[in-house]
Amino acid sequence: MNDEQVQLELSVPARAENIPLVRHAVAGFLDGHGIGGDPASDMLLAVTEACTNVVQHAYRDESVADAEIEVWAELADGTVTITVRDQGGGFAPRVDSPGLGLGLPVIAALTTTVEIRPTPPSGTEVVMTFAPGG
Amino acid sequence: MVPSMSTRAISLVRQDAADGCVVVLTGEHDLSSVDELRDAFDQASAARSVMIDLSETAFIDSAVLGALIASHREATEHGRRWALIVGNGSGAAVRRILELTGLDAVMPVYSSREEAASQPFPPEGTTA
């Protein structure tokens, strides 16, 4: 197996207008490594949902300056790993959620594995893997 | 192919003779355009027949689904005809998210405007 790792790393202000920018950057990364079609489409949908979660939920505490979405994409041994991280207040119940609550179920359906974990001292990361063949 | 960075647009096509309105979504849509989409759906809701045409839509996510569901609910509550058009030009993500969420089974989805237009109007005053 090829153990070479290639990576994409970017950080953008956590605003809705930057979600397409992240998606296009990841699309470019995937395209550059020969990943297209339905597998790429699934990855781009998943990363979009993860970024939407950050914009809608992560930074409700306005004291967080420079609220950002951090994204890493990595290709190793044919498996793509995409991590979306924020420095926000973490997962918490929200009665005034603006969304449908479909984001995480959609991510779970599109990924081979997904882990959601706190990143002390603040923030959450969503680590999504996509293995060849699903 | 990876979805291209096609130009994003939202256009309203009024069909006065049929008291209809078609909202055409071009390119990629997500949380960053959902407010504009909701505005367009609101404008279209004055018509008796509303179609949301995704046949030139490269990408939608769950934020857009939320707006589609609200538009569908509003139309059915007022006895209007409402249809979603998913055609050959619709991106893979469009079909995928409709399928994953099961919304393609609960919302009226057609492959062309012509097919949607041939469906009967709901009886006046119905709520389903």
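Author: Helices (H or I, at least four residues) and strands (E, at least two) are DSSP runs, numbered from the N terminus. Val127(A), for instance, has its place in strand β5 (residues 124-130) of chain A. The model is a predicted one, in which local features need pLDDT of at least 70 and side-chain atom pairs count only at pLDDT 80 or more, while totals for chains, interfaces and linings use all residues. Residues are numbered from 1 along each chain as its sequence is written, chains are lettered from A and ligands numbered from 1 in the order in which they are written, and side-chain values use heavy atoms, with hydrogens and water left out.

Reader: Is Val127(A) buried or exposed?

Author: Buried means under 20% relative accessible area, exposed over 50%, and partly exposed in between (1.4 Å probe, protein chains only). Val127(A) counts as buried because its relative accessibility is 11%. In chain A, buried residues make up 46% of the 134 residues.

Reader: Which residues does Val127(A) touch?

Author: Contact means heavy atoms within 4.5 Å. Leaving aside residues up to four places away in sequence, Val127(A) touches Thr81(A), Ile82(A), Thr83(A), Thr113(A), Val114(A), Glu115(A) and Arg117(A). Of the contacts in chain A between residues at least 6 apart in sequence, 64% join residues at least 24 apart.

Reader: In what order do the elements of chain A run?

Author: Chain A has 3 helices and 5 strands. Read from the N terminus, their order is β-α-α-β-β-α-β-β.

Reader: At what angle do α2(A) and α3(A) pack?

Author: Axes are lines fitted to C-alpha atoms, for helices over the stretch in contact, and angles run from 0 to 180 degrees between N-to-C directions. Helix α2 (residues 37-58) of chain A packs against helix α3 (residues 103-110) of chain A at an angle of about 150°, and their axes are 9 Å apart. This makes α2(A) roughly antiparallel to α3(A); angles under 35 degrees count as roughly parallel, over 145 as roughly antiparallel, 65 to 115 as roughly perpendicular and the rest as oblique.

Reader: Which residues make that contact?

Author: From α2(A) come Asp42(A), Leu45(A), Ala46(A), Glu49(A), Ala50(A) and Asn53(A), and from α3(A) come Gly103(A), Leu104(A), Val106(A), Ile107(A) and Leu110(A). By class, the contact of α2(A) with α3(A) has 7 nonpolar, 2 polar and 2 charged residues. Here Ala, Val, Leu, Ile, Met, Phe, Trp, Tyr, Cys and Pro count as nonpolar, Asp, Glu, Lys and Arg as charged, and the others, Gly among them, as polar.

Reader: How do α1(B) and α2(B) cross?

Author: Their axes come within 10 Å and cross at roughly 15°. That makes α1(B) roughly parallel to α2(B). The residues of their contact divide into 8 nonpolar, 2 polar and 1 charged.
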